[in-house]
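I opened my notebook and went through this chain piece by piece. These are my entries, in the order I looked things up.

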Amino acid sequence: MKNLGQMMKQAQEMQDKMSEVQEKLSQLQVTGAAGGGMIEVTMTGKNEMRRVKIDPQLTGPENLEMMEDLLVAAVNDARVKVEARVTEKMSEITGGLQLPPGFKLPF
């Protein structure tokens with residue numbers, strides 16, 4: 001029973017750390033860019049878009065298609081950066097233990 005008690009304590013500690021990391025990730029802001037910085041997108045650690053910055057040189061109907069493509073690229077760049085930071089934070093909690101493929105966190 002001593003081992004079970006220790007396991008339960010460790011599970012509770014891990015859950016507390018997870019809650020702490022989730023709070024930090026909601027405050028984290030990452031900026032992705034495309035077109036040499038002509039479009040920037042800022043997202044939180046929970047993949048919520050907070051800001052879009054578009055260089056005024058891109059405005060105008062002749063640049064609309066390019067602007068749309070750059071916006072998609074900037075969002076994807078920000079998302080990749082968020083995922084990398086989330087993985088880094090989760091690795092700190094799990095001690096580098098790899099999560100099984102397809103295992104999704106609650107956020």
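Helices (H or I, at least four residues) and strands (E, at least two) are DSSP runs, numbered from the N terminus.

I also noted what I'm working with: this is a predicted model, where local features need pLDDT of at least 70, side-chain atom pairs count only at pLDDT 80 or more, and totals for chains, interfaces and linings use all residues. Residues are numbered from 1 along each chain as its sequence is written, and side-chain values use heavy atoms, with hydrogens and water left out.

**Entry: the hairpin**

I started with β2 (residues 39–44) and β3 (residues 49–54), which run antiparallel and are joined by five bridges. I looked up Ile39 and found that its bridge partner in β3 is Ile54. Between the two strands of this hairpin sit four residues, and Asn47 takes a positive phi near 60 degrees.

**Entry: Thr44**

Is Thr44 buried or exposed? I needed the cut-offs for that: buried means under 20% relative accessible area, exposed over 50%, and partly exposed in between (1.4 Å probe, protein chains only). Thr44 has 2% relative accessibility, so it counts as buried. This residue lies in strand β2.

Next I checked what Thr44 touches, taking contact as heavy atoms within 4.5 Å. Not counting residues up to four places away in sequence, Thr44 touches Leu25, Ser26, Leu28, Gln29, Arg50 and Val82.

**Entry: helix α2**

Then I moved on to α2, which covers residues 64–94. How far apart are the end C-alpha atoms of α2? The expected span of a helix is 1.5 Å times one less than its number of residues. With 31 residues, α2 should span 45 Å, and its end C-alpha atoms are 45 Å apart, so the two agree.

I listed the buried residues of α2 as well: Met67, Leu70, Ala74, Ala78, Val82, Val86, Met90, Ile93 and Thr94. Just after α2, I found Gly95 with a positive phi of about 65 degrees.

**Entry: Leu70**

I picked Leu70 out of that list. Leu70 counts as buried because its relative accessibility is 14%. Not counting residues up to four places away in sequence, Leu70 touches Ala34, Gly35, Ile39 and Leu58. Gly35 is 35 residues from Leu70 along the chain, yet their C-alpha atoms are separated by 6.2 Å.

**Entry: salt bridges**

How many salt bridges are there? My rule was a side-chain nitrogen of Lys or Arg within 4 Å of a carboxyl oxygen of Asp or Glu. By this rule I get five, and I wrote up some of them.

- Lys24 and Glu20 meet through their side chains at 3.4 Å, N to O. They are four residues apart in helix α1 (residues 2–27), so about one helical turn separates them. Lys24 is partly exposed at 46%, and Glu20 is partly exposed at 46%.
- Lys81 and Asp77 form a salt bridge at 3.4 Å, N to O. They sit four residues apart in helix α2, so about one helical turn lies between them. Lys81 is partly exposed at 35%, and Asp77 is partly exposed at 25%.
- Glu83 and Arg79 form a salt bridge at 3.1 Å, N to O. Both lie in α2, four residues apart, about one turn of the helix. Glu83 is partly exposed at 38%, and Arg79 is partly exposed at 31%.

Notes. Pairing = 2+ DSSP bridges.
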